[in-house]
Amino acid sequence: MFQFDNSYARLPDRFFASVYPEPVDGPKLLKFNEALAAELGVEADLSDPARLAAVLAGNVVPQGATPLAMAYAGHQFGNFVPQLGDGRAILLGEVVDRAGRRRDIQLKGAGPTPFSRRGDGRAALGPVLREYIISEAFAALGLPATRALAAVATGEQVYRERVEQGAVFVRVAASHVRVGTFQFFAARGDNDGVKTLADYVIDRHYPELKTAENPYAALLEAVAFRQAALIARWLGVGFIHGVMNTDNMTISGETIDFGPCAFLDEYDPMKVFSSIDQQGRYAYRNQPGIGQWNIARLAECLVPLLDDNEEKAVDVANGVLKRFGERFQAEWGDVFRKKIGLFSSKDEDGDLIQALLGAMHEGQADFTLTFRRLADVAEGRDDAFLACFTTDEKAREWLSSWRDRLASEPQSSAERAAAMRAVSPAIIPRNHRVEEAIAAANYGDMSFFENLLQALEYPYEERPEFAEYMTPPKPEERVMRTFCGT
């Protein structure tokens with residue numbers, strides 16, 4: 001089924017713990033991503049779903065797999081934990097996909113590992129389906145993220161705040177190396193481990209850096225710049241990760257771990273959904289600053305590699321952190337210029353964008369619909385845009401300033417509107433729709449889950465049959481809190 005080539009398993013023993021998945025009573029395949037399987041070169045026998053479910057749940061370990069739990073540390077809500085590791089995830093192995101890219105195949109919820117910290121190593125159905133939905137929504141939106149290969153029911157119960165159905169999520173990633181992976185070795189004073197990991201990451205993700213004058217400084221900057229671009233794109237679709245701990249920031253630049261994540265409905269820069277983020281550390285507007293903070297933690301790990309002179313090494317690291325901020329501002333400006341239909345760049349564009357966001361906040365405007373309907377305004381239709389605001393005085397003022405700005409650009413209204421619709425989705429995985437799908441699945445009805453996935457498949461198109469997925473929640477449908485799957 002899988003053609004494994006397991007590079008991480010060839011690293012020194014202290015990088016991971018070898019562990020096999022713990023079999024479950026009644027694995028049942030809930031969803032298999034055939035398109036992704038084809039991309040990976042994975043040959044699955046769909047005529048035998050029971051056998052496929054057994055493999056994907058961990059009951060049958062496929063030939064060539066070297067199951068392991070990765071070691072890592074991490075800052076969780078600002079507090080350092082020197083040992084975390086895969087407590088409920090097991091890396092089966094790696095495949096090289098049809099495009100020549102190395103991809104991890106991981107089972108999440110496959111049983112306890114040496115890093116489980118008294119946990120059961122299992123996952124509940126709801127969080128598994130949430131991660132499947134958001135992962136594939138990200139892929140359709142064109143944002144870097146881990147992917148969903150399968151969701152499998154285990155036939156067992158898990159015990160959280162209440163008894164829930166168990167499930168396993170099969171995750172695909174460019175790798176599962178995190179900032180926290182570097183922290184694991186740095187916290188132990190294991191500079192050889194840090195260097196071995198850095199060399200591995202360069203080989204796997206940044207081979208072009210091998211010939212750089214200072215490959216490790218180049219690595220730090222490359223990771224920083226990927227994260228700056230990623231977070232800018234999160235903000236562009238109104239995404240709030242909810243748990244931006246250093247162990248949830250990948251070195252590859254992919255979004256990972258869709259636990260208490262959510263998308264904005266009405267625009268509020270300080271919006272928090274995660275039930276465990278009680279201080280608003282990871283609020284929507286705080287994400288760029290947290291990204292920079294996380295990169296600073298990576299820089300601390302790499303200091304011994306940046307220069308033999310510690311003072312010079314710190315200067316190198318600080319230079320990268322400064323450039324992170326500059327790169328983020330450039331990326332954010334590029335994202336939002338496109339969303340408001342600008343083809344050129346002017347110094348005052350940042351003020352114009354912020355003025356719109358301010359009007360949206362005051363007018364409680366839906367983030368996704370406001371930008372989508374702004375494309376209609378580009379074609380001369382104002383009504384649907386203005387209807388997004390509970391009070392539209394500032395929105396009308398803003399439109400006047402916006403039209404003045406557009407007067408300096410030669411593009412036609414049709415060309416501008418098409419470009420805006422290509423970057424502002426009509427459909428996102430709205431929180432109430434995700435919860436609706438999960439609630440139905442808990443009662444054995446997967447139709448809401450399947451329909452939502454179909455609606456999200458082409459998010460930049462307005463398809464009449466999925467019009468209901470564009471609408472914001474009614475007051476009684478609003479989801480105010482999201483929860484971590486552990």
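In this predicted model, Asp257 counts as buried, because its relative accessibility of 12% falls under the 20% limit used for that class. Asp257 lies in the loop between β11 (239–240) and β12 (262–263), and its phi is near 65°, a positive value in a residue other than glycine. Most residues other than glycine have a negative phi. A positive phi is also found at Arg118, where the angle is near 70°. Arg118 belongs to the loop between β7 (102–108) and β8 (123–124), and this residue is classed as exposed because its relative accessible area of 84% is over the 50% limit.

The interior was examined next. In soluble globular proteins, nonpolar side chains tend to be buried together. The largest nonpolar core of the model holds 162 residues, and those that touch the most other members are Tyr8, Phe182, Phe336, Ile340, Leu374 and Trp402. Helix α6, which spans residues 215–236, gives the most to this core, contributing 15 residues. The surroundings of Leu374 can be described residue by residue: when its neighbours within four places in sequence are left aside, Leu374 is in contact with Lys339, Ile340, Leu356, Phe385, Trp398, Leu399, Trp402 and Met420. Among these contacts, Ile340 and Trp402 are also listed with Leu374 as residues of the core that touch the most other members.

Empty space in the model was considered as well. Rolling a probe the size of a water molecule over the atoms shows where such space is left. The second largest pocket has a volume of about 590 Å³, and its lining is made up of 22 residues, of which Pro127, Arg162, Glu164, Phe483 and Cys484 lie nearest the centre of the pocket. Two or more lining residues come from each of the helices α3 (125–141) and α14 (431–442), and α14 gives the most to the lining, with four residues.

The cysteines were then considered. A disulfide is a covalent bond between the sulfur atoms of two cysteines, and the structure holds zero disulfides. Cys261 has a relative accessible area of 0% and is therefore buried, while Cys301, with a relative accessible area of 5%, is likewise classed as buried.

Definitions and conventions. Residues are numbered from 1 along each chain as its sequence is written. This is a predicted model: local features need pLDDT of at least 70, side-chain atom pairs count only at pLDDT 80 or more; totals for chains, interfaces and linings use all residues. Side-chain values use heavy atoms; hydrogens and water are left out. Buried means under 20% relative accessible area, exposed over 50%, partly exposed in between (1.4 Å probe, protein chains only). On a 1 Å grid over the protein atoms alone, a cavity is a set of points where a 1.4 Å probe fits but cannot get out, and a pocket is an open set with protein on both sides within 12 Å along at least five of seven lines; lining residues have an atom within 4 Å of a point. Grid points are joined across faces, edges and corners, and a volume is the space filled by probe spheres set on the points. A nonpolar core is a set of buried Ala, Val, Leu, Ile, Met, Phe, Trp, Tyr and Cys residues joined through side-chain atoms within 4.5 Å. Contact means heavy atoms within 4.5 Å. A disulfide is a pair of cysteine sulfur atoms within 2.5 Å.
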